[in-house]
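Thanks for coming. I have one structure to go through today, so please look at the screen.

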Amino acid sequence: METLWRWFFRFVIGVGIVFVAFTVLLVIGMNRPNVMQSNGYTGITPDAVAATLSHSLPKTAHNIRYCRASVGIGGRLLIYRFSGSLPDLHAHAHAEFAAHWEKPRLKKTRNSPSPITEHTIALYKSGFGVDADWMLPPPEAFGTLYESADGRSSHRPRIFVDEANGVLYFHMTD
């Protein structure tokens, strides 16, 4: 009888160790960033097109960079930028809002400085492990800011069209 209890005790301890190890691996795995991004500037590729909400890019798009990242069960990031003609950049901003699943009303602010700062880039790095210095516009960047009219920022696109340099910057996170 003593042998039976000894094996039962070992079995219970073994199951407990396996359970703790599985839990630790699950927690570590859930908190590691999953990042998919371009390697440098690219042209219009299937991956670059898939990085947009509307699954389209204007024909004049060039110098494209993109990044999708997620952490855990809730943290997601979608950022991209590309150069192009100003009419195409503004049309693309409207297309992205129209392609959003909640169809938020859009608020347009003209003659706006860039909302993307070094602090924003640092948040990308600390929250998602993404080096996104390429998302930082030059200091002279002024243009049109497209954002949700209801003031919510979670799961809503924030698009800045740098009219001085002809670049569109897209940012959406939760």
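Let me start with contacts, meaning heavy atoms within 4.5 Å. Among contacts in this protein between residues at least 6 apart in sequence, 61% join residues at least 24 apart. A word on the source: this is a predicted model, in which local features need pLDDT of at least 70 and side-chain atom pairs count only at pLDDT 80 or more, while totals for chains, interfaces and linings use all residues. Residues are numbered from 1 along each chain as its sequence is written, and side-chain values use heavy atoms, with hydrogens and water left out.

Now the overall layout. The protein has four helices and seven strands; helices (H or I, at least four residues) and strands (E, at least two) are DSSP runs, numbered from the N terminus. Their order from the N terminus is α-β-α-β-β-α-β-α-β-β-β.

The C-alpha atoms fill a box of roughly 85 × 35 × 30 Å along the principal axes.

Of the 174 residues, 36% are buried. Buried means under 20% relative accessible area, exposed over 50%, and partly exposed in between, with a 1.4 Å probe and protein chains only.

Next, helix H4, residues 118-128. Which of its residues are buried? They are Thr120, Ile121, Tyr124 and Phe128. These cover an arc of only 100° around the axis, so they sit on the same side of H4; the arc is that of the directions from the helix axis to the C-beta atoms. Glu118, His119 and Ser126 are exposed on the other side of H4. The buried residues of H4 pack against strands S1 (34-37), S2 (62-71), S3 (75-83) and S7 (167-173).

Is Trp134 buried or exposed? Trp134 counts as buried because its relative accessibility is 8%. Leaving aside neighbours within four places in sequence, its contacts include Tyr41, Cys67, Ile79 and Tyr169. Arg10 lies 124 residues from Trp134 along the chain, and their C-alpha atoms are separated by 56 Å.

Last, Val15, which is in helix H1 (residues 2-30). Val15 counts as partly exposed because its relative accessibility is 44%.
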